[in-house]
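Dear colleague,

Here is the structure I promised to pass on to you.

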Amino acid sequence: MAVQQAAGTDPYFPEHGDPRYRVHRYELALDYRPAPNRLSGTARVNAIAGRAPLTEFVLNLADYKIGRVRVDGRQPHYTHRGGRLRIRPAKPVRAGAPFTVEVHWSGNPEPVDSPWGGLGWEELEDGALVASQPIGAPSWYPCNDRPADKASYQLSVTTPSAYAVVAGGRLLTRTTKASTTTWVYEQSAPTSSYLVGLAIGKYQTVLLGDPGPGGVPQHGHIPAQLLGDFSRDFARQPQMMDVFQELFGPYPFDEYAVVVTEEELDVPVEAQGLSLFGANHVDGARGSERLVAHELAHQWFGNSVSIADWRHIWLNEGFAKYAEWLWSERSGGRTAQQLAAAAHRVLSALPQDLRLSDPGRKSMFDDRLYERGGLVLHAVRCALGDIAFFRLLRGWGQQYRGGTVTTEAFTAHVARFATEPVDELLHAWIHGTTLPPLPGADRRAAG
């Protein structure tokens, strides 16, 4: 596994994350009561100090009541304001040494403010879900909230027994006592804090397809009244999984789950091993199938292979956008060339002032970033040819599986598969603002 660790704070969100240490495991035990929207939790955070002794460090956590904090079993000095739990251990942690932090907290969870509205924990009419990208994770648990700091997770959630709990990872146990049930999930793969997914609601669970020996189990969790439409809209997801494994390499996690809420969501939300859709994404006519492909592709691009900081978000969204085009091409719809041409026409009529390699915080979710990111992949495919291009895609997922990447890592990766220089091509598409000409006048099918 190749990992590129971001050296400092995230330039877009300097108040989130602390690069002076890294976490290798979170163990979270939550108790959630939907009616009063009440959350209490205990976090055990196993971490390792960086190259300098830790006289203090920061965890990100929203405005909860703090009941207890311990560092290696000892009471530290701490302050909690502005979403930052600043902890000063009783004894500094030696450089490179492991340490454990225990935090108890409670309160009424709510989304954290962001330029895109509330992010993170969202109370529904009957249940809750988590949609944390990019900085919503502290709305429900204390974390080192930077995408480069990936860790394993064990998540234990206790709720009234009428509710199901769905999280990314493998369900270890489900234990009912009196009127509550405790669900314990394990996500062993390295996971960024914003990608820890959770949904609490009254769902029916169905198996999508038959994974067979060695296959990827795929489950849907949906309200009963949406089951009919869901079964049509997601019927081709197992085929999609097969195509993506052929093109991108083996699925990087143990299982994949999709949740559909009773309420509408502006956009679907990816989490590690899990994607969340709104009722508006289910119409019984596969009207949102490109989004089904987009969220599934994020399991490779964004989740397994994660960005070192938010400047590089096009590496998540451009790859997932191009996966939409590849699925269309492979499933009998419009070809990638046709979809690239349509995207190019749209972009050519819009302001050309977006730089993929550093779009700025305000533009990191701009539609132009998604479309131009997809066009970068198409331009590389046209320059390299299909054989080298799909080797490149599989190599990207394999080399950086479980790790983090940058734009510079991508350009170096492309160069290794190119027989002719691609520096000018990549610079124009990634670092320039003016839209280059449409690549590939004559495209053949993927293969």
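Helix 3 gives the most to the lining of the largest pocket, namely four residues, where helices (H or I, at least four residues) and strands (E, at least two) are DSSP runs numbered from the N terminus. A pocket here is an open set of points on a 1 Å grid over the protein atoms alone, where a 1.4 Å probe fits, with protein on both sides within 12 Å along at least five of seven lines, and its lining residues have an atom within 4 Å of a point.

This is a predicted model, in which local features need pLDDT of at least 70 and side-chain atom pairs count only at pLDDT 80 or more, while totals for chains, interfaces and linings use all residues. Residues are numbered from 1 along each chain as its sequence is written, and side-chain values use heavy atoms, with hydrogens and water left out.

The largest pocket holds about 850 Å³ of space, a volume being the space filled by probe spheres set on the points, which are joined across faces, edges and corners. Its lining has 28 residues, and Asp266, Val267, Pro268, Val269 and Tyr370 lie nearest the centre. That lining divides into 12 nonpolar, five polar and 11 charged residues, where Ala, Val, Leu, Ile, Met, Phe, Trp, Tyr, Cys and Pro count as nonpolar, Asp, Glu, Lys and Arg as charged, and the others, Gly among them, as polar.

The second largest pocket has a volume of about 410 Å³, and of the 30 residues that line it, Ala167, Gly169, Arg170, Leu171 and Glu255 are the closest to its centre. Strand 13 gives the most to this lining, with seven residues.

Best wishes
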